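Q: I'd like to learn how to read a multi-chain model, one feature at a time. Can we go through it together?

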Amino acid sequence: MNRQFEKTAEMVLFLPALLSVILTLAIFVFMLVFGLPLMKGGRFFELITGSWSPGHGMYGIQPMIMGTMAIASLSVFFAFPLSMGCASLISVLAPRGFSTFLRHTVRLMTGVPTVIYGFVGIFLLVPIIRELFQNGSGFCILSASLMLALLISPTMILVFMESFDRVPKSYLDAADALGGTPVQKLVYVIIPQARQGIWMGVILSMGRSLGDTLIALMLAGNAIATPGSVLDSVRTLTAHIALVIASDYESLEFKSVFACGLILYGFNALIIVMLRYVESKGTQ
Amino acid sequence: MNRLWETLIKAFSWACGIILLGAISCIIGYLFMKGAGVIRLDLIFGDTPPLDAILLKRQVLDGLFPAMAGTFFLVCFSVFTALPLGLAAGIYMSEYAGGSIRRVFSFSFDILAGIPSIVIGLFGFSIAVFLHRHFSDRIFPCLLISGLSLAFLVLPYIIRTTQLSLETLPARTRLTALALGATRFQNIRYVLVPQSLSGILSGVVLAVGRCAEDTAVIMLTGAVAMAGVPQSLLSSYEALPFYIYYISSQYTNPHELATGYGASIILLGICTFLFLAAFMIQKGLARRALYYP
Amino acid sequence: MPCTTHETMKENHIKIKVRSLDFWYQNRQILEHVSLDFTRHTITAIVGPSGTGKSTFLTTLNRLWENIPDAQMKGRVEIEFDGTFRDIYARSFSLTQLRRSVGMVFQTPNPLSMSIYKNVAFPLKLAGYKNRKEVGNKVEKALKQAYLWEEVKDRLHEKASCLSGGQQQRLCIARALILEPEVLLLDEPTSSLDQNAGRIIETLLLDLRERCTIIIVSHYLDQVGRIADTVMEFPLKS
Amino acid sequence: MKKKFYWISVFFCMICLGASLANAGSADAFNDLKGTIKIAGGTAHIPVMKAAAKRIMTVNPDIRISIAGGGSGVGIKQVGEGLVDIGNSGRKPTDEEIGKYGLKLFKWAVDGVGVIVHTENMVKSLTKAQLKDIFSGKIANWKSLGGSDKHISVYTRDEASGTRAVFWKKALDKGDITAKANFVVSNGAMKSAIANDPNGIGYVSVGHMDKTVSPVTLDSISPSLENVKSGKYPVARGLYSNTKGDPRGLVKVFIDYLFSAEGRTIAEEKGFIPSK
């Protein structure tokens with residue numbers, strides 16, 4: 001009887017786990033099935049390289065892919081040095097009190113709602129960008145990536161910090177014993193030792209910025225054009241979903257939303273695989 | 001390395017710290033500067049007496065109350081849906097899963113955790129359309145669909161926190177009850193789960209924050225500009241983050257814009273409160289915060 | 001170990017028979033071909049340098065090693081219950097029954113974060129005892145056997161963690177005794193305690209010899225001299 | 001313990017949701033009625049819908065009206081699919097749409113679509129040809145139109161928008177809209193975007209125009225209510241509320257309300273021309 005109960009308990013715990021796995025697959029399958037009409041007959045290539053012009057029967061999402069890439073990479077480009085600086089400050093350079101203060105602020109920042117970054121961005125950042133560059137509306141790649149950089153930095157800083165703190169104390173003592181300054185310790189000992197963590201932080205943040213909807217939707221202008229400069233207005237895959245969801249369910253336009261979903265799913269899977277790869281390399 | 005370089009690196013780090021602090025204080029300062037003036041009771045209740053509104057005797061037509069109520073019901077529904085599933089799956093992963101099942105499941109949870117919320121929203125939306133077509137025409141994007149989608153969104157976090165809290169228990173705690181003749185399940189129920197409760201709870205509080213904050217999912221699955229306090233799981237609803245998003249582009253007069261700032265401050269307050277609560281519950285928060293997209 | 005020759009002679013007094021036991025942890029062999037006998041109502045001390053698999057050996061007697069990842073075992077362990085030797089690794093043998101008949105006490109005291117009373121009564125709860133009065137009696141008896149009753153009888157419902165280290169360890173012994181095990185395994189039970197607390201536990205063990213077969217892993221040769229009837233030195237030489 | 005807490009909380013939620021169902025009140029045509037009306041679609045309609053809904057719900061708290069945007073395409077599609085009770089559109093549904101879903105059309109106001117710029121912009125009049133060149137991206141600087149030397153930011157709406165459909169057909173003569181144009185999701189959003197962007201140009205429902213933006217005359221005709229009413233301003237359209245089949249019950253009362261004296265006053269207040 002006891003054994004029977006144990007078996008049942010295991011089953012009861014197993015089913016939700018299985019359900020969650022099925023859910024992961026179901027999301028993929030849904031995107032695939034709904035997006036299929038656009039991709040049939042080898043048109044997938046056309047879809048991801050073509051441009052968008054529903055009036056002319058063109059549903060390519062290449063401009064959105066480019067827009068997503070541009071915003072995501074630019075935001076990581078901004079966030080990376082910022083995060084390195086802050087993480088170094090917190091782990092090594094700052095006096096204890098300030099370091100603790102900064103550490104708590106960074107943690108707290110991970111809890112700030114995305115929509116608030118977007119809201120303030122519209123009324124504070126966009127006019128500044130518009131006045132500063134005198135070119136365009138201010139709703140552009142630059143505005144979105146700056147805000148996004150601020151959004152992803154806390155995550156990046158926390159990962160960096162954790163990997164800095166994991167450097168064995170004996171290494172640090174060795175550097176101290178040789179008369180190294182804090183900066184030398186940072187540059188020659190900590191950063192080389194924390195390489196794996198730094199990679200993981202960058203990849204993780206890249207994933208977050210690829211998947212973010214609101215900042216791009218609210219600040220990037222949503223124009224359907226392949227970007228030429230950072231002051232151009234662009235539309236990301238995520239914003240495209242949010243904007244086109246409202247159209248006719250039968251239309252090919254609507255189906256393109258699922259192609260976007262599929263590509264975002266793919267990006268995500270790629271990010272996870274990369275994370276795992278970096279992680280496994282580190283533990284070897 | 002000469003002195004110049006050292007000074008430069010130091011200066012750079014300090015500059016980064018100051019930029020980060022400056023940026024976040026700018027954002028919050030700006031919000032309060034613009035919105036502090038409207039933080040009054042009538043921001044929430046309009047001209048309806050607060051007690052009547054809370055007891056649902058009268059509708060609030062020009063306050064944030066319906067949006068706050070919508071967010072409250074949404075959070076309750078999705079967390080209570082995700083909690084049993086997430087707990088069970090987390091326990092399974094930590095205590096039972098082994099070998100290839102463990103690898104496959106864990107990979108799949110990583111994927112699920114990383115899926116952009118808009119894609120989850122899209123999934124929820126298509127489920128609603130699918131159900132509407134094939135089952136009942138009473139189903140359309142609504143509180144139920146949003147709640148389920150948000151539950152899908154936070155499910156992997158609850159699984160991960162549960163799993164992590166259980167796995168980090170020291171071996172001696174793990175073996176105590178077993179050595180006394182506890183079965184595997186008794187050990188989980190009487191020792192392991194109670195011991196890791198604080199870790200699990202702080203994860204749950206973070207999940208609540210995430211449900212309250214998310215906009216991308218609900219904008220696809222049933223949040224609307226005006227709906228009043230939701231009457232049932234099958235009705236449309238208003239929500240705080242969606243209201244902020246909506247006002248940001250569609251305000252028609254300065255007063256509406258000011259309520260947008262007010263709503264932002266309230267949402268920020270709620271999220272900060274939840275975050276601090278989670279922090280209090282468990283200090284070793286860093287790891288989970290990393291998986292907070 | 002040349003056990004086979006004496007087997008018939010000692011058969012009547014033997015409680016545990018271990019035969020050709022091999023143990024690996026993470027593909028490293030810890031125990032090789034161990035064959036041992038343990039005599040009933042005696043205290044057997046296992047001594048030897050650390051890393052020779054003493055603690056591991058204890059866990060093969062109550063199958064606790066099965067909860068340690070990356071561990072593997074081969075061999076046979078038989079324990080005498082009700083006059084017959086039973087293979088504890090046989091499929092038909094209930095694991096929980098085994099753990100209830102073979103108690104174990106660890107190096108560091110590990111009371112659960114609940115009250116003193118609940119800690120001691122915990123194994124009864126696991127075994128499904130419902131009668132409150134019976135549980136109360138058993139708790140009292142176990143605490144008395146562990147020399148703890150007088151010290152805690154007035155504060156049974158306080159947290160176990162406010163007891164001293166030695167008291168906590170005796171609490172763990174009481175907890176192990178409450179199901180009246182026939183074998184008691186102790187893994188360096190005094191090594192985290194001061195000398196006085198250690199001495200109390202030694203006396204206690206000598207007393208307990210009447211009730212069960214005791215196997216103790218110990219680092220202290222003087223302690224072994226004071227209490228052990230038999231001494232086994234690891235690593236075993238075959 | 002935890003389980004108990006869980007169920008208590010669920011129970012509490014249910015009570016809260018349930019409690020709102022059991023109230024009462026009364027007045028006017030909505031007397032003794034209760035239920036829900038779901039409205040979605042055209043964003044030009046939203047101010048009128050909101051005002052009407054507020055009045056109705058103040059008088060009768062048992063009625064729930066939910067209002068969502070999305071655009072005319074969404075309104076037509078959702079009412080056709082039965083997802084909402086009333087689907088608004090800022091363009092006349094096509095015959096195909098009417099036939100496919102069996103829509104009933106109620107045109108309760110006339111509206112125009114006018115071009116707007118920032119109040120500080122010196123350009124106040126454009127010819128149709130200039131307008132087309134601006135929206136197709138051929139003219140990219142305000143200087144050549146008599147304004148300051150600033151890049152023009154074009155704002156447009158998505159394909160589901162009825163305002164866009166009307167503007168594209170009647171003002172741009174179905175000409176191209178540049179791919180570099182910024183997208184906004186509603187009439188309200190268009191107005192606030194232009195109000196904040198000194199170099200912006202966009203088009204919005206005449207009813208939504210106010211002091212925060214400047215209207216631009218098109219071939220010397222200003223997009224005012226009078227000109228729309230008299231037919232002088234060419235970019236005019238009706239505001240429709242559509243139902244699937246004949247409206248019944250609460251929905252019918254609501255549509256009737258839009259045509260009542262009170263409803264017409266609301267439409268006028270919000271800057272539209274109520275139709276008979």
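Q: Which residues of chain D does the "domain: PBP" annotation cover?
A: Residues 34–262, again according to an unreviewed UniProt entry. Here the end C-alpha atoms sit 20 Å apart, and the stretch comes out at 34% helix and 29% strand.

Q: Now confidence. Where in chain B is it lowest, and where is it highest?
A: General idea to begin with: where pLDDT is low, the predicted coordinates should not be read in detail. Chain B has a mean pLDDT of 87, with 96% of its residues at 70 or more. Helix α7 (residues 143–167) of chain B has the highest confidence in that chain at 94, while helix α14 (residues 286–290) of chain B has the lowest, at a mean of 42. Over residues 285–293 of chain B the pLDDT stays under 50, and the model gives this stretch 35 contacts beyond four places in sequence.

Q: What average pLDDT does chain D have?
A: Chain D averages 84, and 89% of its residues score at least 70. Its residues 15–27 fall below 50, a stretch with 24 contacts in the model beyond near neighbours in sequence. For the complex, the predictor reports an ipTM of 0.84 and a pTM of 0.86.

Q: Which chains share the most contacts?
A: Chains A and B do, out of five pairs of chains in contact. Chains C and D have no contact joining them, and their closest C-alpha atoms lie 15 Å apart.

Q: What lines the largest cavity?
A: Its lining has 36 residues, and B:M219, B:A223, D:A68, D:G69 and D:G70 lie nearest the centre. Elements giving at least two lining residues each include α11 (237–244) of chain A, α12 (240–250) of chain B and β2 (63–70) of chain D. By class, the lining is 24 nonpolar, 10 polar and two charged residues.

Q: And which element gives the largest share of the second largest cavity's lining?
A: That's α5(A), with five residues. The lining has 23 residues, and those closest to the centre are A:I122, A:F139, A:M218, B:S249 and D:V184. By class it splits into 15 nonpolar, seven polar and one charged.

Q: Why is the pair of B:F45 and B:F65 tilted?
A: You describe a pair of aromatic rings by the distance of the centres and the angle of the planes. The model holds 38 aromatic pairs over all chains. For B:F45 and B:F65, the ring centres are 5.4 Å apart and the planes meet at 35°, so the pair is tilted. B:F45 belongs to helix α2 (residues 41–45) of chain B and B:F65 to helix α4 (residues 65–96) of chain B, 20 residues apart, so the pair links distant parts of the chain.

Q: Last one, the backbone. Which residues are joined by a cis peptide bond?
A: Most peptide bonds are trans, and most residues other than glycine have a negative phi. C:F234 and C:P235 are joined by a cis bond, with omega at about -5°. C:P235 is in the segment after β9 (230–233) of chain C. Then there's C:D70, which has a positive phi of about 65° although it is not a glycine. C:D70 sits in the loop between α2 (54–61) and β4 (71–81) of chain C.

Technical notes: Residues are numbered from 1 along each chain as its sequence is written. Chains are lettered from A and ligands numbered from 1 in the order in which they are written. This is a predicted model: local features need pLDDT of at least 70, side-chain atom pairs count only at pLDDT 80 or more; totals for chains, interfaces and linings use all residues. Side-chain values use heavy atoms; hydrogens and water are left out. pLDDT is the predictor's confidence in each residue, from 0 to 100. Contact means heavy atoms within 4.5 Å. On a 1 Å grid over the protein atoms alone, a cavity is a set of points where a 1.4 Å probe fits but cannot get out, and a pocket is an open set with protein on both sides within 12 Å along at least five of seven lines; lining residues have an atom within 4 Å of a point. Helices (H or I, at least four residues) and strands (E, at least two) are DSSP runs, numbered from the N terminus. Ala, Val, Leu, Ile, Met, Phe, Trp, Tyr, Cys and Pro count as nonpolar, Asp, Glu, Lys and Arg as charged, and the others, Gly among them, as polar. Rings of Phe, Tyr and Trp (its six-membered ring) pair if their centres lie within 6.5 Å; planes under 30 degrees apart count as stacked, over 60 as edge-to-face and the rest as tilted. UniProt positions are given in the numbering used here, feature names are shortened, and annotations may be inferred rather than shown by experiment.
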